[in-house]
Every structure is written in structure tokens, then in C-alpha cells.
Amino acid sequence: MAAAAESILALTGKRTTGQSIRSQNVTAAVAIANIVKTSLGPVGLDKMLVDDVGDVIITNDGATILKMLEVEHPAGKVLVELAQLQDEEVGDGTTSVVIVAAELLKLADELVKNKIHPTTVINGYRLACKEAVKYLNENLSFPVEELGRQSLINAAKTSMSSKIIGPDMDFFSEMVVEATELVKVTDSATGKITYPIKAINVLKAHGKSARESMLIKGYALNCTVACQGMPLQIKDAKIACLDFSLQKAKMHLGISVVVDDPVKLEAIRREEFDIVKRRIEKILAAGANVILTSGGIDDLCLKMFTEAGAMGVRRCKKADLKRIAKATGATLCCSLANLEGEETFEASMLGHADEIAQTRISDDELIIIRGTKARTASSIILRGANDTMLDEMERSVHDSLCVVRRVLESGRLVAGGGAVEAALNVYLESFATTLSSREQLAVAEFAQALLVIPKTLSANAARDSTDLVAKLRAFHHKAQSNNKLAHLKWAGLDLENGEVRDNKEAGIFEPAMSKM
């Protein structure tokens, strides 16, 4: 009968069901989690990834490690996407997300092997998740206002502690918080405050030590003026942002002009020059004294700009131009054509800034735009020994910027160092005993899975994880069973000394958002 049914359903492909495929999926997820497990925490190890070409990346950022892996298994791909999503949404906590997800799958597989239906496990997990988030919001998180600006700096430090810039985290955390505060944007209609960290330009320059990195209150552009005769500094700059080349107009391919008089050839050539000349005259007439273009600028145009005392910058990245246009209030023009088909350039299309100057940093020349009128802008210039180090520094700074932004926008923090996971483990275990259905087992396993974070943290620090996690759970049990000892709910791991401490007092903070 089954054979007959299969011949009717002539489906191509292979169908695998049952326990074997379930175990296979779990094995794939656990294998991926094991790769990033050793890079978790302030004493986690970096990974060296070498691709086919021989390019080397050294990092301990979970999302970067997983992005570089060529994962074939479909269940494994889901974990990689999970890390990417966490990176986009929160910016930090990518490693812990993958480790917890793999542990949940592993324990669920054990339950299913013990003849508990997958639906029961899923319902139990959902219930546990809902309860955990509720308890976290009510008891384990606290508002930023309670500790003020210092809590932002501490959150940035916690994010950096496991990264390459960890030894200099006092220096970098101050810089990151200041850079984020500089790009604050308030929506005039709704009054909502956002911090678009994409507006912070992070540039890398070789040489000197990491502590020589600097924050610039303005937008740093990795370009130079187009020719030497141009001014290197302009006060009260009026900026034109153009997304086309300022070069002699050439006729498009396939267009042919039949000329019977050789004299007219010269007229065509002159008109080609005049077209671009008229464009530049219109831009200069509108009052522009700084012209930034994503295309090229030829010699004729450079001569006109130099004579007018304007600064011309060519081959700017389009992403940079968009950010500068937003910050200065300029309009990024793709062409000068208006709706009537004529070419115009109006003064309203110009952006404004207090000063634009070309500065030398290391071996590179940079153009720095200060005092932008529409929005404040900030740039971080990182210094380091080589490309590998600078790339990892950039990833670390990006993670910290994301953390500070999330803390500022959501306004809530939790204690780090395994405090949240241990507290939820104790709470969910006692919650599981109140359930009189099969879900009780799934909720208890969910609670057990959360302990993988403090266990991994202490194992990576070469400490006795069993001993430390037992102590940590004892602290949280006291906090939840005795109101007089409620302050113990902030207890977390101190991995340097291998003991349990009050992590709220120690300033180990993470955004509450990264735990939900």
C-alpha cells in the first residue's frame, strides 16, 4: 500500500524523519556552538580564520566567526543566521545566543528520547521563556537613571572586556559613549530619541598604539583635495554633494554626428567643454565653496574651482556622501536636471558646516568636517600595529557602540557575569515544581540550559565551573527565598579571582535587551 502511495506522489528528493534526523540536527547545532564556546567571556580565546586565498582574520566575535564558516547543514545555518540577527539587533551577545540555543536543543533532544512528545517540549519551553522574560523585567533589570552616565561607560566596558581593546577599556569606553551621545537625533514629530550609530564614521590608520586612537567631533572623510592649488581649510563651508562626474561631456556610444564642414568639428568639441563649464558655473553661483563628488573631476573643472577658491574632493564613497548630506543638510544630487528638463542648482541644495580642513594623520591625509548644521556627527580614528589588529578593533568598537545605543534607547540594564542566567535558573526550577503537567520537565530543562553560560565562563577562565556555579546558585536561592537578602540577586562571577561577587557594585552591566 505504501509503495502504491509513493508511486502516486512522484516527489523528487529524499525525506528523512524520526529520531535519527532530530539527533543529526542537534549534533550540527552543538558542533557549531562548540566552535565559539571557547571565545566566550573576558578570558575567552581568539580564533584565527584562514580563507581559501590565505587571508587571515583573528577575532573572538561570535557573529564574525560564524559568518566566515561555510556551514552546509540546514540546522547549522539557522544558528549562523541567529548570530547575525543578534548582531544587527543588539550588537553584542552573539556568542552566548548560539551557546544557549544549542544547549536548549541538546536538552530537548534528551527529553524526546525519553518518550516525551516534541509538542510538549515546545510548549514547556515557550512557557518557561515567557516566565523568564517577565521575571527578568520585574526583578533583574534596573533603569539607567539609577546610576547615570557611569552605567553607560560600565556597559561599554563589559562589552569590551572580552575583546582586543579590553586592556584599554577605560580609554575606549569614554570615547564610545561620547561618540554615541554626539549623534543623538530627536524626531520633531513624535519626540522619540534615536542614536543612529551608522552616522559614526570609524576610520583605521596604521602606526602608534591603540591608546593613540582619537574621537573627532565632526565627520572624517578618507579623501584629499583634488589638486594642490586648492585651499586646505575653509571656514563657513557651503557644501555641494554630487553623485556624478564633473568631466568633459562625451556623447553616448552609438550616437553618430555627420559633419560636412571640418570647422563645425571644433564647435562640437567646444560645446562638450561648455556643457560641463555651465554646470560648474551654476554650482559656484549658488554659493558652493566645497564640492564633494563620487565621480572624477577633470583638469578644466579643477582649474575653475581653484580660480574660484573652492575646495573640490573627488572619488568620495557614496555611503560617506549620504552621511555628510544628512549631517550638513545638503541634498545629494544625481544630476542637475529639473522637472522642466533644464539644468539648475539652487542654494537650498547646499549643506552647511563651520569648517572643513585637510589634516594629516599617520601617513594619510583626511578631510574633517566640523560643526555640521543639521545633525551633530562624530568619527573615531583607530590606531594599531597592522590590518588584522585594526579590523578586530573596529569590530570591538562597533559592538560597544551598539551596546551603548541599546542602553540609551531602551533605558534598562541587567547585571552581567552569569547573574541573570543563574537567577532565572533558580526561579524557573521552583516555577517548574508548581506545574502538574508534562511541561514541568521541559521548564526544568530550560532552566538547566541557562546554566551553560556561567559554566562556560568559568571553564574558559580555567576555574572549577562546578564549584563556582554551585556557589552562584546558592546565592540566588538565598536572594529569592529571603527578602532580607534580596540584594544577592546581583551576584555574578568574578573570573579574575575565581569567586562570586556583587556585579552591580562591580559595574558589570549588559543591556536588558540582549537577554530577551
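# Legends to the close-up views

**View 1. The lining of the largest cavity divides into four nonpolar, four polar and two charged residues.** Here Ala, Val, Leu, Ile, Met, Phe, Trp, Tyr, Cys and Pro count as nonpolar, Asp, Glu, Lys and Arg as charged, and the others, Gly among them, as polar. This is a predicted model, in which local features need pLDDT of at least 70 and side-chain atom pairs count only at pLDDT 80 or more, while totals for chains, interfaces and linings use all residues. Residues are numbered from 1 along each chain as its sequence is written, and side-chain values use heavy atoms, with hydrogens and water left out. The lining is made up of Asp92, Gly93, Ala155, Thr158, Ser159, Val403, Phe509, Glu510, Pro511 and Ser514. Two or more of the lining residues come from each of α7 (149-160) and β19 (509-511). Helices (H or I, at least four residues) and strands (E, at least two) are DSSP runs, numbered from the N terminus. The largest cavity holds about 50 Å³ of space, and the count of cavities of 30 Å³ or more is one. On a 1 Å grid over the protein atoms alone, a cavity is a set of points where a 1.4 Å probe fits but cannot get out; lining residues have an atom within 4 Å of a point. Grid points are joined across faces, edges and corners, and a volume is the space filled by probe spheres set on the points.

**View 2. The second largest pocket holds about 600 Å³ of space.** A pocket is an open set of grid points with protein on both sides within 12 Å along at least five of seven lines. Its lining has 22 residues, and Lys198, Ile200, Arg323, Glu394 and His398 are those nearest the centre of the pocket. The elements that supply two or more lining residues are α4, β6 (200-206), α11 (318-328) and α12 (387-410). By class, the lining of this pocket has nine nonpolar, three polar and 10 charged residues.

**View 3. Helix α12 has 24 residues and end C-alpha atoms 34 Å apart.** The expected span of a helix is 1.5 Å times one less than its number of residues. After α12 comes Gly411, with a positive phi near 75°.

**View 4. Arg412 belongs to strand β16 (residues 412-415).** Arg412 is partly exposed, with a relative accessible area of 29%. Buried means under 20% relative accessible area, exposed over 50%, and partly exposed in between (1.4 Å probe, protein chains only). Arg412 and Val144 are 268 residues apart along the chain, yet their C-alpha atoms are separated by 5.6 Å. Leaving out residues up to four places away in sequence, Arg412 touches Asn137, Ser141, Phe142, Pro143, Val144, Val407, Pro511 and Ala512. Contact means heavy atoms within 4.5 Å.

**View 5. Helix α2 (19-37) packs through its buried residues against α3 (62-68), α4 (74-89) and α5 (94-113).** These buried residues are Ser23, Val26, Ala28, Ala29, Val30, Ile32, Ala33 and Val36. An α-helix has 3.6 residues a turn, so residues three or four places apart point the same way. The 19 residues of α2 should span 27 Å at 1.5 Å a residue, and the end C-alpha atoms are 26 Å apart, which agrees.

**View 6. Ser39 sits in the loop between α2 and β1 (47-50).** Ser39 is buried, with a relative accessible area of 3%. The side chain of Ser39 reaches the backbone oxygen of Val36 at 2.7 Å. With residues up to four places away in sequence not counted, Ser39 touches Gly44, Leu45, Lys47, Asn60, Ile65, Thr95 and Asn460.

**View 7. Thr224 is found in the loop between β8 (218-221) and β9 (233-242).** Thr224 is partly exposed, its relative accessible area being 35%. From Thr224 to Arg360 is 136 residues in sequence and 9.9 Å in space, C-alpha to C-alpha. Thr224 touches Val313, Gln358, Glu365 and Ile367, not counting residues up to four places away in sequence.

**View 8. Lys115 has a positive phi of about 70° although it is not a glycine.** Lys115 lies in the loop between α5 and α6 (118-140) and is exposed, with a relative accessible area of 72%.

**View 9. Ala462, a residue other than glycine, has a positive phi near 60°.** Ala462 is placed in the loop between α15 (452-460) and α16 (465-481). Ala462 is exposed, with a relative accessible area of 69%.

Definitions and conventions: Polar contact = N/O pair within 3.5 Å; in protein donor to acceptor, adjacent residues only side chain to side chain.
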